[in-house]
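Subject: A structure for you to look at

Hi there,

I am handing over a structure for you to explore.

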Amino acid sequence: MRSLLWKRYPQSSQFPFYVSLMIGAFKATQTGTSGSVNHGGGRRRVISDRAQRALVRAVGRRNLCGEPTFVPLVMHDVGLTCGVSTANRALNRDVHITRRTPVRTFYNTPNTRSGRVRWAHRNTNTQWSGMSFYDESRFSLDGSDRPTPMLVDTRVGIQPYLHRPARGGSITLLLVLGPTGFVNVSIQYTNVNGSDVLEIMSASLGAGDSIMMDNASIHYRSFRELPALGVTIVRQPTYSPDLQPVENVFGLIHQRVYAGNRQFASISELVDRMSQIIDTMITSGEDVRLYVRLVRSMPNRVQRLIDLSGWPVN
């Protein structure tokens, strides 16, 4: 039969559609999970039912473990060698597979909300225009811990998260944001402690300056020693990332570092990429204008917090 086909159609691209489909299906059954069907004539490739079921099972396993669930990662788990778009179409055919954004948990208790409202009333008349803001954020090799739509098997579900465990190494970015842009940036390769925070604070602030930071335990040393240098500290209310402009900047950095669900092979590669992005963000006029708007938004955030009775501010 094969010789007859080749005698009638010397080029495989001349095969009728049904012939290409039969040949492709036969190859898929022979190659298992790595097989794909090429309809010929520029038509889209499809993978075998066996490979599709393997992809679905891989999504469920990652959902159960709380791991990132993106198409390239799932393909790697099952050893699939087709294109990402082909695997994506195969997953879309399964009624149980959808895409959801993991929700960052908020400790939404009455005590938390009342504490946030009291903080807002105390800081209604604070001079935010000259305030600096500080926070730190972790970056790992295998992707961002920021909410990104991920593949979800609805029979398993996806859990809210506080943080994603680092795998293969990570770094921490320390950032002091001033009224007109970045004041100081530091990249730490090891776990950050109180001495690291105090060092960047002392290098960035002087007598008469003000800074807002959260109540993390590594900040306590700064709380004790910075006032002696003439620095005024505004302590951010508990569980309130929505009141910290630095969080908005971190969101932008995460988006650019991990654009296209990018992952990194080494810490040096991640640091090089982050350094390039930060250098661009420091000199970009558009980004600098964004920092100014973020700092100027603080009075509105405080008032909005009061209006919402302590609920999260968008």
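Predicted model: local features only at pLDDT ≥ 70, side-chain atom pairs only at ≥ 80, totals over all residues.

Now follow strand 8 (residues 210-213). With strand 9 (residues 232-235) it runs parallel, and 4 bridges join the two. To find this pairing on your screen, look for I211, which stands opposite I233 in strand 9. Strand 8 also pairs with strand 4 (residues 131-140), again in the parallel sense, over 3 bridges. Here you can look for F133, whose bridge partner in strand 8 is M212.

What kind of unit do strand 8, helix 8 and strand 9 make? Together, strand 8, helix 8 (residues 220-225) and strand 9 form a β-α-β unit that is right-handed.

**Helices 4 and 5**

Helix 4 (residues 71-78) and helix 5 (residues 84-92) have axes that come within 10 Å and cross at roughly 90°. Angles of 65 to 115 degrees count as roughly perpendicular, so that is the word for helix 4 and helix 5. On the helix 4 side, the contact is made by V71, P72 and M75, and on the helix 5 side by V84, A87, N88 and L91. By class, these residues divide into 6 nonpolar, 1 polar and no charged.

**Helices 9 and 10**

The axes of helix 9 (residues 245-257) and helix 10 (residues 267-283) also come within 10 Å, and they cross at roughly 125°. That angle makes helix 9 oblique to helix 10. The crossing of helix 9 past helix 10 is right-handed. In helix 9, V249, L252, I253, R256 and V257 meet L270, R273, M274, I277 and M281 of helix 10. This contact has 8 nonpolar and 2 charged residues, and no polar ones.

**Helices 11 and 12**

For helix 11 (residues 285-296) and helix 12 (residues 298-307), the axes come within 5 Å and cross at roughly 40°. L294, V295 and R296 of helix 11 make the contact with M298, P299 and R301 of helix 12. Sorted by class, the contact of helix 11 with helix 12 has 4 nonpolar, no polar and 2 charged residues.

Enjoy looking around, and write back with any questions.

Best wishes

How values were computed
Residues numbered from 1 in each chain as written. Heavy atoms only, no water. Pairing = 2+ DSSP bridges. Right-handed = clockwise from strand over helix to strand, strands pointing away. Axes fitted to C-alpha atoms, helices over the stretch in contact; angles between N-to-C directions. Parallel < 35°, antiparallel > 145°, perpendicular 65-115°, else oblique. Left-handed = near helix turned anticlockwise from the far one by under 90°. Contact = heavy atoms within 4.5 Å. Nonpolar A, V, L, I, M, F, W, Y, C, P; charged D, E, K, R; others polar.
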